[in-house]
Amino acid sequence: MQWKFCPRQTEMDLYGLKEILHKIRNSVSKLLHWALVHFTDLTAGLLAHFLFRRHFHFLLSVLVMFGPVLSLWVSKYSIFGNKNHYLYRLFLHSCWGWTCILCGSFVFLLSYCISNSFLHSARHLSRLTVAGTLWTLSRRLLSFLVDASGSCFAPLQSPTEVHGTPRELPESDTGPLLLLRGVSGKAACLNAGLRWQGCEVSDDILVLSLCCLILAEEMGVFGPCMALGKPVGTPLRIIFFLCVLLMSLWIFLIVCLLAHFPLFPSQLVGGALGYLGWKGLYYEGWYVLKPGSCCVGRPKANTASNGTRTLRK
């Protein structure tokens with residue numbers, strides 16, 4: 001029995017295969033869209049709930065306060081116990097940049113979807129601009145205070161090598177230390193392989209706490225804005241989904257830092273400063289001013305007096 005090549009049959013088979021793949025792709029797309037819609041609706045309702053908006057900062061404060069207790073149960077050989085882990089290197093040192101990119105995109109798209117005004121949407125980015133300016137100034141001020149209040153020490157092999165007064169030899173877990181007068185600044189001290197001791201504030205916990213609170217505040221208006229009746233497109237839902245993942249990642253990194261690298265009370269002070277910065281901006285400072293050309297107030301869904309839907313205070 002001989003098989004004969006039939007071009008028409010082959011073409012029909014390829015056409016049928018394409019139809020099957022097209023149906024599979026459509027089914028997967030519909031399933032992913034259904035999952036995205038239901039997840040964003042559920043998350044938006046949770047973030048907009050008055051219990052979450054009223055108590056999230058309190059829960060975050062409890063986490064920062066009692067998080068170091070987790071160090072009693074975690075293993076020092078965990079992959080997150082290494083500060084060279086890719087999550088730390090990729091996200092921790094650029095935490096504010098990731099927050100500005102995703103949160104800024106969400107704020108702009110949401111306000112544009114509601115108001116249909118490019119200028120009005122751009123004005124809402126002023127909240128992140130003010131917060132970024134505050135973070136930059138705070139980091140420089142804290143760096144100056146740390147350099148002014150600390151000292152650089154060199155570890156000694158034995159007490160016989162000490163040539164100073166007893167006050168210049170604070171004890172540590174590695175032995176006596178020699179105070180160095182000529183080294184200025186924490187960065188220069190650490191780069192020289194020496195040890196810095198002084199009053200410190202955890203920049204990582206500060207910026208992570210501030211970013212979590214800002215993300216929760218900005219995303220909390222997504223649910224009320226959807227209730228205004230205007231359709232919300234898939235790109236905005238995707239950005240909202242990425243913001244939720246980013247806030248979850250920041251909370252996870254806070255837990256990792258508190259559990260694997262407990263530094264009390266510097267982490268507690270960092271968390272407190274992050275909370276005070278968020279509280280001062282959103283409830284006691286810039287955003288409670290009367291909305292004008294620069295200040296647009298806190299993120300809040302509202303209906304303007306002229307009957308058009310806007311996002312404003």
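1. A residue counts as buried under 20% relative accessible area, exposed over 50% and partly exposed in between, using a 1.4 Å probe and protein chains only. At 39% relative accessibility, tyrosine 112 is therefore partly exposed. Across the protein chain, 37% of the 313 residues are buried.

2. The model is predicted: local features need pLDDT of at least 70, side-chain atom pairs count only at pLDDT 80 or more, and totals for chains, interfaces and linings use all residues. Residues are numbered from 1 along each chain as its sequence is written, and side-chain values use heavy atoms, with hydrogens and water left out.

3. The protein chain contains eleven helices and five strands; these are DSSP runs numbered from the N terminus (helices H or I, at least four residues; strands E, at least two). Of the contacts in the protein chain with a separation of 6 or more, 77% are between residues 24 or more positions apart, where contact means heavy atoms within 4.5 Å.

4. Helix α6 (residues 126–149) and helix α11 (residues 266–282) have axes that come within 11 Å and cross at roughly 145 degrees. The axes are lines fitted to C-alpha atoms, for helices over the stretch in contact, and the angles run from 0 to 180 degrees between N-to-C directions. Arg127, Val130, Ala131, Leu134 and Leu142 of α6 make the contact with Leu273, Gly277, Leu281 and Tyr282 of α11. By class, this contact has seven nonpolar, one polar and one charged residues; Ala, Val, Leu, Ile, Met, Phe, Trp, Tyr, Cys and Pro count as nonpolar, Asp, Glu, Lys and Arg as charged, and the others, Gly among them, as polar.

5. The structure holds twelve aromatic pairs. Rings of Phe, Tyr and Trp (its six-membered ring) pair if their centres lie within 6.5 Å; planes under 30 degrees apart are stacked, over 60 edge-to-face and the rest tilted. The rings of phenylalanine 91 and tryptophan 250 have centres 6.2 Å apart and planes at 70 degrees, so this pair is edge-to-face. Phenylalanine 91 belongs to helix α3 (residues 86–91) and tryptophan 250 to helix α10 (residues 234–260), so the pair ties together parts 159 residues apart in sequence. Both phenylalanine 91 and tryptophan 250 are buried.

6. For phenylalanine 108 and tyrosine 112, the ring centres are 6.4 Å apart and the planes at 10 degrees, so the pair is stacked. Both lie in helix α4 (residues 95–115), four residues apart, about one turn of the helix.
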